[in-house]
Amino acid sequence: MAVRDEQLLKASVETGLLEQSVVDQLRLKARRERVPLLSKVLADFRLPLSALHRALAQDHGLRFINMAEAKVNPVLTKKMPSSLISRKQMLVVNLGEERVLVISDPADTMSVDSAQRLIGETLPVAMTDPEHLRLAVKKVLANTAVAQANQQSVPAATDLVALLDRIMRDAYLNRASDIHLMTEEEGLRVRFRVDGKLNDYPLENAPDIAAGLISRVKVLASLDISEQRMPQDGGFSYYMPPPVDMEFNIRVATAPTRLGERITMRLLGSESSTLTLTDLGFLEHDLNEFKQAIRKPYGMILLTGPTGSGKSTTLCAALQEINQPDLNIMTVENPIEYVIDGISQIQTGPKINFADALRSLLRHDPDVLMVGEIRDSETADVAVKAAMTGHLVFSTLHTNNAVSAVTRLVDIGCEPFLIGSTMTAVIAQRLVRRLCRHCAKSRPATKEELVLLGREDDVDIYEPEGCAVCQGQGYRGRLGLFETLWFDEKLARMVSKGADEETLEASAGNALKYMWEDGCDKVLRGLTTLSEVKNVAVFKQRETAEVN
């Protein structure tokens with residue numbers, strides 16, 4: 001039995017997921033635009049439908065479980081007639097050692113009572129994602145006489161265009177950064193990466209759906225659909241119609257696997273216009289230092305970290321911070337991840353590399369240059385000399401921490417005296433999940449946690465709880481952890497003389513802030529958890545001798 005839209009909206013307002021005033025405004029807009037109110041609400045708040053069902057469960061005091069962690073109990077489920085399972089969408093599942101009755105509509109108490117009587121025992125009642133439940137019910141009923149009769153008819157062809165549109169829309173509403181399409185023995189598997197974690201997307205497979213959908217994406221990305229043995233890279237622009245009404249770029253990469261091709265799509269630029277340095281997670285002192293550094297007339301600012309650590313996003317936010325009509329800002333990237341108005345952006349390719357593009361840009365009277373990545377000695381040499389000749393240069397480098405960026409540039413082939421005279425700042429960056437503001441719970445830190453936090457007095461820290469807003473994860477969104485190294489005359493002279501990493505780190509004093517220290521500050525502010533910091537940062541306790 002389907003839950004009415006008004007039930008979902010009312011429960012979402014009651015639990016604080018939605019604001020009644022906003023819903024009332026959207027109701028008028030939905031009438032004018034002639035779109036369903038529920039679709040308008042989901043697009044405006046950028047929430048998946050499952051979030052509203054979770055709010056409905058919370059409003060009725062029920063648990064909301066993940067069907068991926070549950071297994072259908074065939075013995076107890078068979079005690080219910082197929083008609084009841086199909087019409088009311090309910091199943092008995094094993095959740096670890098516990099047996100749970102999963103339902104779709106918590107207000108239908110008569111059906112719940114009937115199911116409990118048929119089962120012969122009173123089970124705890126829970127809810128789940130309605131699409132996951134629908135697919136599980138369909139799988140349970142697949143062997144019944146009614147289902148077998150239906151299967152004898154010719155199956156309708158899957159509308160691949162509509163399917164891809166639905167996947168794209170749900171990826172956007174779930175705030176996914178990547179979409180994975182994988183060919184497996186059971187058929188197509190779709191996964192979203194949300195806040196750094198992969199989650200399965202509920203999908204009803206059909207014959208050849210995997211090959212058809214992958215071919216559809218390859219056509220959109222202008223890739224060779226006949227080539228299935230070699231990796232390919234491409235991209236396309238995707239427009240999401242109202243009520244979302246947004247266009248963003250998608251980067252596509254294909255790879256051959258044992259069972260067929262797989263595709264990874266990265267959603268780019270869906271929020272580039274609203275990026276700010278504060279949103280990225282900079283604390284007050286580092287934010288002020290960074291704003292001063294990016295407004296200097298010349299020098300080099302490097303961001304370091306592994307792939308997917310948010311370096312390009314930070315550079316985009318920095319460029320938008322200083323983007324003014326009186327500045328000529330130019331970039332060399334591969335690919336162009338964020339489109340920024342008023343900035344000339346060049347994408348490298350087979351006919352032009354980073355070094356050649358950078359040399360060309362120097363003849364276009366730039367004030368600020370951004371090089372997507374320093375990969376070789378030629379690019380590094382041009383970038384350093386550009387910073388030396390009165391340009392402000394931004395770039396990224398793959399190193400584990402801030403101090404090792406100097407060593408990496410020397411290894412590539414840059415002269416130490418050039419590095420020392422041009423370097424302004426090096427920032428190592430990682431991403432952690434941000435605690436949900438709606439449900440985070442405070443508790444006293446343990447003795448072990450106080451040692452890790454470097455505190456002797458008792459303090460409270462926060463831990464994830466899970467609610468409808470964060471879809472039970474306890475986290476919503478991500479923020480950066482930063483290891484910052486601000487260059488002064490003392491450090492510049494040491495670099496010019498060829499000082500090694502240990503000497504630079506020991507002599508940096510307050511000019512160097514470890515990533516662990518930044519993470520602990522954010523744990524104490526309730527922005528993230530200590531377990532998240534442990535995943536990306538190495539414990540470092542500053543010794544008294546280091547601070548002079």
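Helices and strands here are DSSP runs, numbered from the N terminus. Just after one of these helices, α11, Ser222 takes a positive phi of about 60°. The model is predicted.

**Aromatic pairs**

- A pair of aromatic rings is described by the distance of the centres and the angle of the planes.
- Tyr172 and Phe248 form a stacked pair, at 6.3 Å centre to centre and 15° between the planes.
- This pair links distant parts of the chain, with Tyr172 in helix α10 (residues 160-173) and Phe248 in strand β10 (residues 246-256), 76 residues apart.
- Tyr172 has 7% relative accessibility, so it counts as buried.
- Phe248 is also buried, because its relative accessible area is 2%, against a cut-off of under 20%.
- Phe282 and Phe290 form a stacked pair, because their ring centres are 5.1 Å apart and their planes stand at 20°.
- Both Phe282 and Phe290 are buried.
- One aromatic cluster is formed by Tyr172, Tyr238 and Phe248.

**Charges over rings**

- Arg46 places its charged end over the ring of Tyr172, 4.0 Å from the ring centre.
- Arg433 lies over the face of Tyr475, at 4.0 Å from the ring centre.

**Helix α11**

- Helix α11 (residues 209-220) has 12 residues and should span 16 Å at 1.5 Å a residue.
- The buried residues in α11 are Ile209, Ala210, Leu213, Ile214, Val217 and Lys218.
- They cover an arc of only 165° around the axis, so they lie on the same side of α11.
- An α-helix has 3.6 residues a turn, so residues three or four places apart point the same way.
- The cover over the buried residues of α11 includes helix α10 and the strands β6 (176-184), β7 (187-194), β9 (232-240), β10 and β11 (261-268).

**Salt bridges**

- Glu6 forms a salt bridge with Arg27, and the closest N and O atoms are 3.1 Å apart.
- Glu6 lies in helix α1 (residues 5-14) and Arg27 in helix α2 (residues 20-33), so the pair ties together parts that are 21 residues apart in sequence.
- Glu6 is partly exposed, with a relative accessible area of 43%.
- Arg27 is partly exposed too, with a relative accessible area of 24%.
- Arg134 forms a salt bridge with Glu204, and the closest N and O atoms are 3.2 Å apart.
- This pair links distant parts of the chain, with Arg134 in helix α8 (residues 130-140) and Glu204 in the loop between β8 (197-200) and α11, 70 residues apart.
- Arg134 is partly exposed, with a relative accessible area of 32%.
- Glu204 counts as partly exposed, at 32% relative accessibility.
- Glu185 forms a salt bridge with Arg258, and the closest N and O atoms are 3.9 Å apart.
- That pair links distant parts of the chain, with Glu185 in the loop between β6 and β7 and Arg258 in the loop between β10 and β11, 73 residues apart.
- Glu185 and Arg258 are both exposed.

Key. Residues are numbered from 1 along each chain as its sequence is written. This is a predicted model: local features need pLDDT of at least 70, side-chain atom pairs count only at pLDDT 80 or more; totals for chains, interfaces and linings use all residues. Side-chain values use heavy atoms; hydrogens and water are left out. Rings of Phe, Tyr and Trp (its six-membered ring) pair if their centres lie within 6.5 Å; planes under 30 degrees apart count as stacked, over 60 as edge-to-face and the rest as tilted. Helices (H or I, at least four residues) and strands (E, at least two) are DSSP runs, numbered from the N terminus. Buried means under 20% relative accessible area, exposed over 50%, partly exposed in between (1.4 Å probe, protein chains only). A charge sits over a ring if NZ of Lys or CZ of Arg is within 6 Å of the ring centre and within 35 degrees of the ring normal. The expected span of a helix is 1.5 Å times one less than its number of residues. The arc is that of the directions from the helix axis to the C-beta atoms. Contact means heavy atoms within 4.5 Å. A salt bridge is a side-chain nitrogen of Lys or Arg within 4 Å of a carboxyl oxygen of Asp or Glu.
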